[in-house]
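Hi,

Here is the structure I promised to pass on.

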Amino acid sequence: MKGLVVGNGGREHAIAWKLLQSPQIETCICTPGNGGTATLQGCQNLDIPIDDFAGILKAVQDNRVDFVVIGPEYPLSLGITDYLQQHHVKVFGPTQAGAQIEASKAWAKELMLEAGVPTAVSQTFRETTAAKTYIAERGAPIVIKADQLAAGKGVIVAQTLEEAYQAVDDLIAKGFTPLVIEDYLAGEEASVLALCDGLTVCSLLPAQDHKRIGEGDTGSNTGGMGAYAPAPVASPDILAEVTEKVLKPTLATLQKRGIDYRGVLYAGLMISPEKQIKVLEFNCRFGDPEIQAILPLLETPLEELILACIEQKLGVLPAIRWKNGSSICVVAASQGYPEAYEKGKVITGIETAEAQDVFVFQAGTQWVNHQLITDGGRVLGITAIGETFQSAREKVYQGVNCIQFAGKTYRRDIGYRVC
């Protein structure tokens, strides 16, 4: 079989890498791919933008591709699945209607309320004065969210009223309206990435992401600076509760709205000290970098899971098989990320890291004049598996230290809650 993966990040490198581990997969095409997929054996990059639907369809037809995996949320929000399905292409990823669960925070909140899914109290605003009045009534800390896609940087947790007012001004100035303003929830976060075929939902191993740029979870929100799996905070009992109180009611409500949802239903959760669950957000695709920590532990061939979702056979698929052990992924970013950063820095040491039983998933990279250079904010996702989190952590940071590029930035405390 031949698969095509849309996207150019670490998530897409990890998906292609995992697909190619199966003897059933002959070739994996990435559009546009990155420096990692360019050198992955069995993989081919095609320089087609993620929003060039006609170009992607032509690549599918010319190469007789059997199925397509949509990596990022942006093309899903534009309706790439709808477009490809109209041309009889098998696609893993929800339709444009389903992708609203991530593309619009306000739409997702309405869906949660209709489904009875536990979530924070919130209201939606388009105007500055009304938003600030509501913030003054609710008090701080409080959370301000851009309604639409913002590459993981549209959420501000304001600790004071002044910070909250400034967040409203900043987001509206950047064109992010409406705003969803919701109560702050205390506890520990977890990411539950579930597979969905429109009829059945099945969770993967739970993970925990580290969103903040600084150690100790300080500083600006990012797209994610590291992750580990399986996250102990999401115990088997918690996972069972998430399935019954979050995933199944959400799927039922999507069905009620006439939305045939096939792909990833990702629930970002807050678990309180009393083990109460509330949903912070939904995403419509694999989490990045969570999936870089999850896929190395997966034993079931990935294409079996993807095709089961596409063909609505998830309910009859055997239980997903996992390796024993723990996995930690550390993101190496460009200096200045998540704000302005420079590109074009030469990267060395990846082969040395990989020789130490470390996986290096490339994100913001490309090959120029036979050199691998930085080409994004998050550059690499370095992942290791160990019998324990402590052994995985020691191994992954040995790998991180092998890799060099000017301005390399990373957190030294990924997995601190479990190590």
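Which side chain does the side chain of Asp 288 join in a polar contact? In this predicted model, the partner is Gln 292, and the contact is 2.9 Å. Asp 288 sits in the loop that connects β17 (277–283) with α11 (290–294). With a relative accessible area of 11%, Asp 288 counts as buried, because the cut-off for that is under 20%. If you set aside the neighbours within four places in sequence, Asp 288 touches Gly 10, Arg 11, Gly 223 and Arg 378.

Next, the open sheet. Its five strands come in the order β3-β2-β1-β4-β5, and the pairing is parallel. The edges belong to β3 (43–45) and β5 (91–92); each has a single partner strand, so one side of each has no neighbour in the sheet.

Helix α1 (residues 10–19) packs on it and touches β1 (2–7), β2 (27–32), β3 and β4, with a direction at about 170° to that of β1. Helix α12 (residues 302–310) lies across β4 and β5 and runs at about 95° to β4.

Last one: a hairpin. Strands β20 (residues 365–368) and β21 (residues 371–374) run antiparallel and are joined by four bridges, with Thr 365 opposite Thr 374. Two residues separate the strands, and Asn 369 in the turn has a positive phi of about 55°.

Cheers

Conventions. Residues are numbered from 1 along each chain as its sequence is written. This is a predicted model: local features need pLDDT of at least 70, side-chain atom pairs count only at pLDDT 80 or more; totals for chains, interfaces and linings use all residues. Side-chain values use heavy atoms; hydrogens and water are left out. Buried means under 20% relative accessible area, exposed over 50%, partly exposed in between (1.4 Å probe, protein chains only). A polar contact is a pair of N or O atoms within 3.5 Å; within protein, one must be able to donate a hydrogen and the other to accept it, and residues adjacent in sequence count only if both atoms are side-chain atoms. Contact means heavy atoms within 4.5 Å. Two strands pair if DSSP finds at least two bridges between them. Axes are lines fitted to C-alpha atoms, for helices over the stretch in contact, and angles run from 0 to 180 degrees between N-to-C directions.
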